[in-house]
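Visitor: I am new to this structure and would like a close look at one single part. Could you take a strand and show me what surrounds it?

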Amino acid sequence: MKTIVKKIVVAIALIIMPSMVFAQSPFEKFADQDDVTSVVVNKKMFEMMSKVKMDTSDKQTQVYISLLKKLDNLKVYTTNSAKPASEMKSSVAAYLKANPLEELMRVNDNGKNVKIYVKSGATSSQIKELLMYIEGGSGKGNETVLMSLTGNFDLDEIAALTEKMKLPGGESLKKASQK
């Protein structure tokens with residue numbers, strides 16, 4: 001029963017998200033491009049999701065609800081097209097120049113480049129902002145992913161969220177949280 005509730009919550013989030021875009025970011029321009037798939041979740045939606053009745057005796061559900069209360073914004077943009085992918089790469093470079101984030105991890109696996117950057121919070125385990133950029137490499141079907149997440153959270157919590165919501169790059173975040 002609880003997995004059905006979780007799926008309903010995620011489905012509602014995906015339906016409501018496009019109308020809930022409040023905060024502008026340098027990556028917002030990708031939301032309106034035809035060759036880009038975008039998912040945007042704002043603080044209000046995270047608050048609503050954390051108040052949905054779920055089985056709180058399940059430890060994984062407790063962690064998930066706790067995490068939802070710590071998040072402000074989640075923006076994920078994906079594309080298989082060369083032009084938007086190139087624009088994403090330029091936007092990430094410009095953003096990193098203006099907002100110096102610490103490189104957490106860089107992986108090159110069969111032409112797929114994964115880069116994860118963070119802005120630390122009050123403690124070394126706390127993260128205020130996470131930026132992940134995955135360059136698809138060469139060949140057909142390779143995807144470029146740009147993910148921006150803000151709040152006050154731990155990296156291992158985010159890996160659980162991206163895995164639960166089946167967001168692109170979840171596996172890369174899981175590997176980063178284990179290191």
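Guide: Let us take strand β2, residues 71–79, which pairs with strand β6, residues 144–154, in the antiparallel sense over eight bridges. Please keep in mind that this is a predicted model. To find the pairing by eye, look for Asn73, which stands opposite Thr150 in β6.

On another side, β2 pairs with β1, again in the antiparallel sense, and here there are seven bridges.

Now step back to the whole sheet. It is an open sheet of six strands, and its order reads β1-β2-β6-β5-β4-β3, with antiparallel pairing. At the edges stand β1 (36–42) and β3 (102–109); each has a single partner strand, so one side of each is left without a neighbour in the sheet. On average, and with direction ignored, neighbouring strands of this sheet are turned by 10 degrees against each other.

How enclosed is our strand? Eight of the nine residues of β2 are buried, so the strand is largely enclosed by the rest of the structure.

Next come the nonpolar side chains. The largest nonpolar core has 24 residues, and Leu74, Leu130 and Phe153 are the ones that touch the most other members. Strand β2 is one of the elements that give two or more residues to this core; the others are β1, α2 (43–50), α3, β4, β5 and β6. Apart from this core lies another, of 14 residues, among them Phe27, Val40, Leu96 and Leu101. In soluble globular proteins, nonpolar side chains tend to be buried together.

Helix α3 (residues 59–68) deserves a glance too: its residues Thr61, Tyr64, Ile65, Leu67 and Leu68 are buried. They cover an arc of only 160 degrees around the axis, which puts them on the same side of α3.

Finally, look at the aromatic rings, for the structure holds two aromatic pairs. One is formed by Phe27 and Tyr95, a tilted pair with 5.1 Å centre to centre and 55 degrees between the planes. This pair links distant parts of the chain, with Phe27 in the loop between α1 (2–16) and β1 and Tyr95 in helix α4, 68 residues apart. Phe27 is buried at 2% relative accessibility, and Tyr95 is buried as well, with a relative accessible area of 14%.

The other pair brings us back to our strand. The rings of Phe30 and Tyr77 have their centres 6.0 Å apart and their planes at 55 degrees, so this pair is tilted. Here, too, distant parts of the chain are linked: Phe30 belongs to the loop between α1 and β1, Tyr77 to strand β2, and 47 residues separate them. Phe30 is buried, with a relative accessible area of 0%, and Tyr77 is buried with 1%.

Note on methods. Residues numbered from 1 in each chain as written. Predicted model: local features only at pLDDT ≥ 70, side-chain atom pairs only at ≥ 80, totals over all residues. Heavy atoms only, no water. Pairing = 2+ DSSP bridges. Helix = DSSP H or I, 4+ residues; strand = E, 2+ residues; numbered from the N terminus. Axes fitted to C-alpha atoms, helices over the stretch in contact; angles between N-to-C directions. Buried < 20%, exposed > 50% of the residue type's maximum accessible area, 1.4 Å probe, protein only. Arc of directions from axis to C-beta. Core = buried A, V, L, I, M, F, W, Y, C linked by side-chain atoms within 4.5 Å. Phe/Tyr/Trp six-rings, centres within 6.5 Å; stacked < 30°, edge-to-face > 60°.
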